[in-house]
Amino acid sequence: MWNRVTRLFTIKTKFEAYLVIYGLGMGAVERGLNYVEQYPGAGGWALFALCPVAVFMAGGRILDSVEAR
């Protein structure tokens with residue numbers, strides 16, 4: 001039974017990987033906009049710029065792991 005549950009959360013295809021990366025990107029932009037509101041000026045924009053960078057790194061790792069299978 002546990003194996004059936006874990007298979008639901010396993011990314012098997014590149015299409016699924018792209019959907020996950022898209023969701024991460026949308027969340028990162030939303031978080032970045034919150035940073036811009038909370039910290040006006042250059043500090044907020046710097047934090048905004050760092051949010052998508054984390055998605056780029058995670059997205060590359062996700063795609064590499066799907067290709068390895």
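**Reading helices, contacts and surface**

Reader: Let's start with G60: where is its place?

Author: G60 sits in helix α3. Helices here are DSSP runs of H or I with at least four residues, strands are E runs of at least two, and both are numbered from the N terminus. This is a predicted model, where local features need pLDDT of at least 70 and side-chain atom pairs count only at pLDDT 80 or more, while totals for chains, interfaces and linings use all residues. Residues are numbered from 1 along each chain as its sequence is written, and side-chain values use heavy atoms, with hydrogens and water left out.

Reader: Is G60 buried or partly exposed?

Author: Buried means under 20% relative accessible area, exposed over 50%, and partly exposed is in between (1.4 Å probe, protein chains only). With 31%, G60 is partly exposed.

Reader: How many salt bridges does a search of the whole structure find?

Author: Look for a side-chain nitrogen of Lys or Arg within 4 Å of a carboxyl oxygen of Asp or Glu. The search of the whole structure turns up one. K14 pairs with E67, their closest N and O atoms being 3.2 Å apart. Because K14 is in α2 and E67 in α3, the pair ties together parts 53 residues apart in sequence. K14 is partly exposed, at 37% relative accessible area.

Reader: Which residues form a nonpolar patch on the surface?

Author: Patch members have over 30% relative accessible area and no salt bridge; nonpolar side chains (Val, Leu, Ile, Met, Phe, Trp, Tyr) are joined within 5 Å, like charges within 9 Å. Here Y39, L47, L50, V53, F56 and M57 make up a patch with about 640 Å² of accessible area together (Shrake-Rupley, 1.4 Å probe, only the protein chains shown as cover). V53, in helix α3, is partly exposed at 36%.

Reader: And where is F9 found?

Author: F9 is in the loop between α1 (2–8) and α2. F9 counts as exposed, at 68% relative accessibility. From F9 to L50 it is 27 Å, C-alpha to C-alpha.
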